[in-house]
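Please brief me on this protein model. Start with the overall fold, then turn to a few individual residues.

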Amino acid sequence: MAKKSFKELFDPRESKWGGISLPMFLCALIVVAIVVYVPFGLDKEGNPGSFLRPNFLIMFSALAVFGLLFGEIGDRIPFWNDYIGGGTILVFFMAAVFGTYNLVPENFMKAVNVFYGKQPVNFLEMFIPALIVGSVLTVDRKTLIKSISGYIPLIIIGVIGASAGGIAVGLIFGKSPIDVMMNYVLPIMGGGTGAGAVPMSEMWASKTGRPASEWFGFAISILSIANVFAILCGALLKKLGEAKPSLTGNGELLIDNTKEAVRDKEVDVKPELTDTTAAFILTGVLFMVAHILGEVWESLGLGFDLHRLVFLILLTMFLNIANIVPDKIKAGAKRMQTFFSKHTIWILMAAVGFTTDVKEIIAAAAPSNILIALAIVLGAVGLIMLVARKMKFHPVEAAITAGLCMANRGGAGDVAVLGAADRMELMSFAQISSRIGGAMMLVLGSVMFSFFAS
């Protein structure tokens, strides 16, 4: 993959700003600046007003322009893009700076809160279900079935190793095992940002009644730290395989898998616009059913809550395994997922960032947190390598896919880890880790927050 350059970004002949040319993007930036910053008239309370109307379309567009500005730049900063998280993380951090240090007006901050999650109808209520249904429904059915019996137990072992490593180091710094599990292991091993840390923050918020950004700010910081370690470990495991050939399958995960390699057969049907619409409607209906099941579960008083997103995951897995959904709608779901995960993630990160205190992010980079994150990554890798051969997996490949691809920041992290390890052919298993493994961590998070979040 060719590296993105700053030169093309500022070339008026190119259309690199989210598909928009530089002159058009600069015009959009000026309009947003006028709407956000220029005072105009008085509001209902007699205070200086502005052109800003806090409706969905205006806030979506304003956050999109902010996201494109810092997202495109972040994707072109060499080390930052390769190890820290590129544009996605830069958008989040810059929005946090703007919000924390009052670089945007108060009425804009109130509008962001409405857009992000201060009412029942908000952007998160579309973003998260679309990602979950699109991710789980489009994993190849046979791959999903096989992974449940063989590969998923390997993922669970990795989570156990990560938990043990994190708790051991956490105790040294006076942190309780529950604290380490909820605030370190869950975000790091949760499947990335959009499909992991974001829905977990909503689960945390629904249980505690506090803003989701309060948990998310620390979670995204610790996840970014772990992502760097995961990529570096990928490169080290490549070297280990070269030094000790007996530990690696040179790209093959299963030891006895010469003829029956599990390949990720992504839906190759080209969807029509109606298929994507149908997938979006299906997502809404499944979300309704999940909400009903969540309410019924809560009414039973069984001692712990299961968030509605957990039921959404289980419903979608059932539909995939039962092969009920037509391939064209699955293809539409894939397009829907791509739209939200690739083309609106910067909008969401901007919204989350504006409601996050940057001082908490800085505090997350304390030496104790860095060492705990490292221990979680190494714990997952170490325990997987110890048991991999007994489970008929090559240790190096098992550690990369079931360990590092759980401990990175999702799809982009998978690409970075596999690229560093020179094992891109393992993408199918990496996706199982990020999608299904991440979904499992959401279930664990829902249960843990139910018992221990306060």
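Buried means under 20% relative accessible area, exposed means over 50%, and partly exposed lies in between, with a 1.4 Å probe and protein chains only. By that cut-off, 52% of the 454 residues of the protein are buried. This is a predicted model: local features need pLDDT of at least 70, side-chain atom pairs count only at pLDDT 80 or more, and totals for chains, interfaces and linings use all residues. Residues are numbered from 1 along each chain as its sequence is written, and side-chain values use heavy atoms, with hydrogens and water left out.

**Overall fold**
- The protein has 20 helices and two strands. Helices (H or I, at least four residues) and strands (E, at least two) are DSSP runs, numbered from the N terminus.
- The radius of gyration is 22 Å, which agrees with the value near 22 Å for a compact globule of 454 residues. It is taken over C-alpha atoms, and the globule rule is 2.2 Å times the number of residues to the power 0.38.
- The C-alpha trace spans about 70 × 55 × 55 Å along its principal axes.
- Contact means heavy atoms within 4.5 Å. Of the contacts with a separation of 6 or more, 78% join residues 24 or more positions apart.

**Surface and charge**
- The accessible surface is about 19900 Å², and carbon and sulfur atoms hold 67% of that. Areas come from the Shrake-Rupley method with a 1.4 Å probe.
- There are 36 positive and 33 negative side chains, and the centres of the two sets lie 4 Å apart. Lys and Arg count as positive, Asp and Glu as negative; His and the chain ends are not counted. Each charge is placed at NZ of Lys, CZ of Arg, CG of Asp or CD of Glu.

**Positive phi in loops**
- Asn 102 is not a glycine, yet its phi is positive, about 55°. Its loop runs between α5 (86-100) and α6 (106-116). Asn 102 is exposed, at 65% relative accessible area.
- Lys 392, also not a glycine, has a positive phi of about 65°. Its loop links α17 (367-387) and α18 (395-404). Lys 392 is partly exposed, at 48%.

**Buried positions in helices**
- Buried residues of α6 are Phe 108, Met 109, Ala 111, Val 112, Phe 115 and Tyr 116. They cover an arc of only 160° around the axis, so they sit on the same side of α6. The arc is that of the directions from the helix axis to the C-beta atoms.
- Thr 401 is found in α18. Thr 401 is buried, with 0% relative accessible area.
- Beyond its neighbours within four places in sequence, Thr 401 contacts Tyr 151, Leu 253, Met 406, Leu 426, Phe 429, Ala 430 and Ser 433.
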